[in-house]
Amino acid sequence: TSPTNEIERIQSLNDLARDLKGAQNFEEKLRHAAARAKALSSADLAFVCLADKAGDNHRTGAVAGDTALDEKGLDFSIKENPGLLSMPDNENACALIDMSVRHPDMPVISKRLDELGIRFCIVVPLQVQDRHLGFLFAGNRKPAGFALTGQCLLLLIGNLLAAEIDRRWWWEDHERLATVLEQAAETIMITNREGVIQYVNPSFEAVSGYSREEAVGKRPTFLKSGLQDADFYREMWETLRSGKVWRGHFVNRRKDGSHYKLDASISPIKNDRGEITDYVSVRKDITHETLLRKQLHQAQKMEAIGTLAGGIAHDFNNLLMGIQGNISLMRMELLSDSPPHKRCKIIEDYINRGADLTRQLLGIAKGGKYHQFPTDISKRVQANLEMFGRTKKEIQIHMRADSQPCVAEADPGQIDQVCLN
C-alpha cells in the first residue's frame, strides 16, 4: 500500500537511502529504487533506464509493477527520442508526458508506453552535474496526473539514484584502470613527490625480481646499477619537478645482480591546484631488443667483411694461378729426380693450399656456401700431416688410420683448416 502521511514518506526515503548504501548487488539497488518510486508516487509501474557511457543508448535496469516489461525490457537511444532531454523546463526538473497527446520527438518511448497501457507518465532525468546517467520513469494506466508531492519525491529518489549510479560508474572506471595497471606488459611504478614507491605492478616484479612488498615504501635507489652517474639523476629530477615529462633509458639491477635496460617515461601527477602529488613511471624492458640490435649490427659488419674478403680472395687466387703456371713450366725443364724439381713440387702444394684458403674466403663472402663433394678424410689428414712434418721437423707425428677409405661430403679446404687448427 502507498504511504498516507509525510512521516511514512520520509521514512520510506530514509529506507531507500539505506538500501542504496547497504545492498551489495547493483541490480538489487536499482530494484529497490524502482519499488520505492512506484510506492511513493502511487504509480501503477516504475522503471529505471540506464544510459551507456556516451549518454545515448539506454537499457532497462529495473522494473516495478509490470512483469512483461521486466522480461522484455525497453531499449532506446536519445538520438531517436530527443524530446526526452528537451522536455524538462529547468535543471533537475521532471517531465510529464500525457499519452493522449502525440509526441513525434519520442516515437520509440511513446509507442512502448502505449503498448504498456500507460496514459500518463512522469520522467526524471538522472544526472550528476553535466553527466547524463539515465531516466527514472513512473506511469499510470488511468488518465490521472501525479500530485506535486509525488513529483518532488520522485525527484529526490532520482537524485539518490543518480548519485549511486555515478558511484557505480566511478567504481567500474577504477576497476578497469586497476586491471590495466595489473595486466600491463610494461613495468609501472607510482611514487609520491618524495620519490617513495607507493605501487608497482606484477610486470615490475617479473622483470626486477623484487616483490611488491619488498619495493613499496622504499625509494627506487635499490634498483641502481651504478652505470648512471649523479648528473643523470639530477637532470631527471629537475625535469620532473618543473612539471615536465622525462623520457630516457635506464640500466637497472635485478635482485639477482644482473643488469637490464629500460625505455622509461616518467610523468608528474598534479592535483586540481596544479601541485605535483605523485609520479608515475612506465618502463619497457628492452634488454632483449638491445641484444638483437647488437646482433644485427654484428651481422651487418660480418657481411661487409665477407664482401671485402670475396674481393681479396678473387685477386689473390689470380696471383696464385700465375705462380702455379710458372712453377709448372719450371718443372718441365727440370729432371724429375733433381732436388729443384722436388722443391717445385712442394711449392705447388703450398699454392694449392693457398687456393683452398681463397675458396674458404669466397665461402665466407657467399654466406658460408662451400664447395662440398665426396672426400676421403683419411687422405686429407695424411696429406696435411706430411706437409706439416716437412715444415716442423722437430715434431714427430704418428698416424693410425683404417685401411678402408673414410669418405664424407665435405669441403677439402675446411678439412685442411681443421687439421691446421
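Strands β1 (residues 45–51) and β6 (residues 131–140) of this predicted model run antiparallel and are joined by 6 bridges; strands are DSSP runs of E of at least two residues and helices runs of H or I of at least four, numbered from the N terminus. Residues are numbered from 1 along each chain as its sequence is written. Because the model is predicted, local features need pLDDT of at least 70 and side-chain atom pairs count only at pLDDT 80 or more, whereas totals for chains, interfaces and linings use all residues; side-chain values use heavy atoms, with hydrogens and water left out.

The structure holds 12 aromatic pairs, defined by centres within 6.5 Å for rings of Phe, Tyr and Trp (its six-membered ring), with planes under 30 degrees apart counted as stacked, over 60 as edge-to-face and the rest as tilted. Phe47 and Phe137 form a stacked pair, with 4.7 Å from centre to centre and 10 degrees between the planes. Since Phe47 lies in strand β1 and Phe137 in strand β6, this pair ties together parts that are 90 residues apart in sequence. Phe47 and Phe137 are both buried (under 20% relative accessible area, with exposed over 50% and partly exposed in between; 1.4 Å probe, protein chains only). A tilted pair is formed by Phe120 and Phe146, at 6.4 Å centre to centre and 40 degrees between the planes. Phe120 lies in strand β5 (residues 120–128) and Phe146 in the loop between β6 and α6 (148–183), so parts 26 residues apart in sequence are tied together by the pair. Phe120 is buried at a relative accessible area of 15%, and Phe146 also counts as buried, at 10%. One aromatic cluster comprises Phe47, Phe76, Phe135 and Phe137.

Charged groups also sit over rings, the criterion being NZ of Lys or CZ of Arg within 6 Å of the ring centre and within 35 degrees of the ring normal. Lys218 lies over the face of Phe222, 5.8 Å from the ring centre, and the charged end of Arg283 sits over the ring of Phe250 at 4.6 Å from its centre.

Grid points are joined across faces, edges and corners, and a volume is the space filled by probe spheres set on the points. The largest pocket holds about 320 Å³ of space. Its lining has 20 residues, of which Pro220, Tyr233, Met236, Trp237 and Arg283 are the closest to the centre. At least two lining residues of this pocket come from each of β7 (187–192), α9 (230–241), β9 (246–253) and β11 (276–285). The largest cavity has a volume of about 50 Å³ and is lined by Thr187, Met189, Phe204, Leu223, Asn252, Tyr260, Leu262 and Arg283.

Notes. Pairing = 2+ DSSP bridges. 1 Å grid on protein atoms, 1.4 Å probe; cavity = no way out; pocket = protein on both sides within 12 Å on 5 of 7 lines; lining within 4 Å.
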